[in-house]
Amino acid sequence: MFNENLRELRKSKGFTQEELATKVNVVRQTVSKWEKGLSVPDADSLQKIAEVLEVDVSQLLGAKIETEENRNVIAEQLSRINEQLVIKNRRTKKIIRIICIILLIPVTFIVIAIISALFFKFDTSSGSGPVEEIGYEEYEDIEYDEIIEE
């Protein structure tokens, strides 16, 4: 709710994210994160945003607050929003971890298959099994005449 209110109020005042960031003494990326709902400002920054946009803090938060001076209520609302963001981020990280594990299993089997294919040569013509390799030294002992007789 805060992120949507901030975006609408900023645009209605004709500010870019960069201009609002400069007036609140933060970087543009911070304003972007606020508007995307990835983070929330602290109580002091929230007060500055409200002053720059010429609105009550309660209007930014989307709830009615008795007095603007009651920073405890504001801090409590920000804390709740922050907790929700933390829960959302944990879920996202858990889902990404599960997807990575699911993708890693077939990749591991493929790598094992490739490695085993490289280390073990199989005679595919007869379907028997590993091909016995004969060294060059054994060929030296065979006479030319013996080869022709076969």
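## Conventions

Helix axes are lines fitted to C-alpha atoms over the stretch in contact, and angles run from 0 to 180 degrees between N-to-C directions. The structure is a predicted model, in which local features need pLDDT of at least 70 and side-chain atom pairs count only at pLDDT 80 or more, while totals for chains, interfaces and linings use all residues. Residues are numbered from 1 along each chain as its sequence is written, and side-chain values use heavy atoms, with hydrogens and water left out.

## Overall architecture

The protein chain contains eight helices and zero strands, where helices (H or I, at least four residues) and strands (E, at least two) are DSSP runs numbered from the N terminus. Along the sequence the pattern is α-α-α-α-α-α-α-α.

Of the 150 residues, 24% count as buried; buried means under 20% relative accessible area, exposed over 50%, and partly exposed in between (1.4 Å probe, protein chains only). The accessible surface of the chain comes to about 11700 Å², with 56% belonging to carbon and sulfur atoms. These areas come from the Shrake-Rupley method with a 1.4 Å probe, and for residues only the protein chains shown count as cover. Among contacts (heavy atoms within 4.5 Å) in the chain with a separation of 6 or more, 50% are between residues 24 or more positions apart.

## Helix α2 and its buried side

Helix α2 spans residues 17-24, and its buried residues are Gln-17, Leu-20, Ala-21 and Val-24. They lie on the same side of α2 because they cover an arc of only 100° around the axis, the arc being that of the directions from the helix axis to the C-beta atoms. An α-helix has 3.6 residues a turn, so residues three or four places apart point the same way. The cover over the buried residues of α2 includes α1 (2-12), α3 (28-36) and α4 (43-53).

Gln-17 has a relative accessible area of 18% and is therefore buried. Beyond residues up to four places away in sequence, Gln-17 touches Arg-10, Arg-28, Val-31, Ser-32 and Glu-35. Just after α2, Asn-25 takes a positive phi of about 65°.

## Packing of α2 against α4

The axes of α2 and α4 are 9 Å apart, and the two helices pack at an angle of about 120°. That angle makes α2 oblique to α4, since angles under 35 degrees count as roughly parallel, over 145 as roughly antiparallel, 65 to 115 as roughly perpendicular and the rest as oblique. Leu-20, Lys-23 and Val-24 of α2 make the contact with Ser-45, Lys-48, Ile-49, Val-52 and Leu-53 of α4.

## Packing of α2 against α3

The axes of α2 and α3 cross at roughly 110° and come within 8 Å; the two helices are therefore roughly perpendicular to each other. On the α2 side, Gln-17, Glu-18, Leu-20, Ala-21 and Val-24 meet Arg-28, Val-31, Ser-32, Trp-34 and Glu-35 in α3.

Within α3, the buried residues are Val-31, Ser-32, Trp-34 and Glu-35. They fall within an arc of 160° seen down the axis of α3, so they line one face of the helix. These buried residues pack against α1, α2 and α4. Just after α3, Gly-37 takes a positive phi of about 80°.

Met-1 is found in the segment before α1 and is exposed, with a relative accessible area of 58%. Leaving aside neighbours within four places in sequence, Met-1 is in contact with Leu-60, Leu-61 and Gly-62. The C-alpha atoms of Met-1 and Leu-60 are separated by 8.4 Å, although the two residues are 59 residues apart along the chain.
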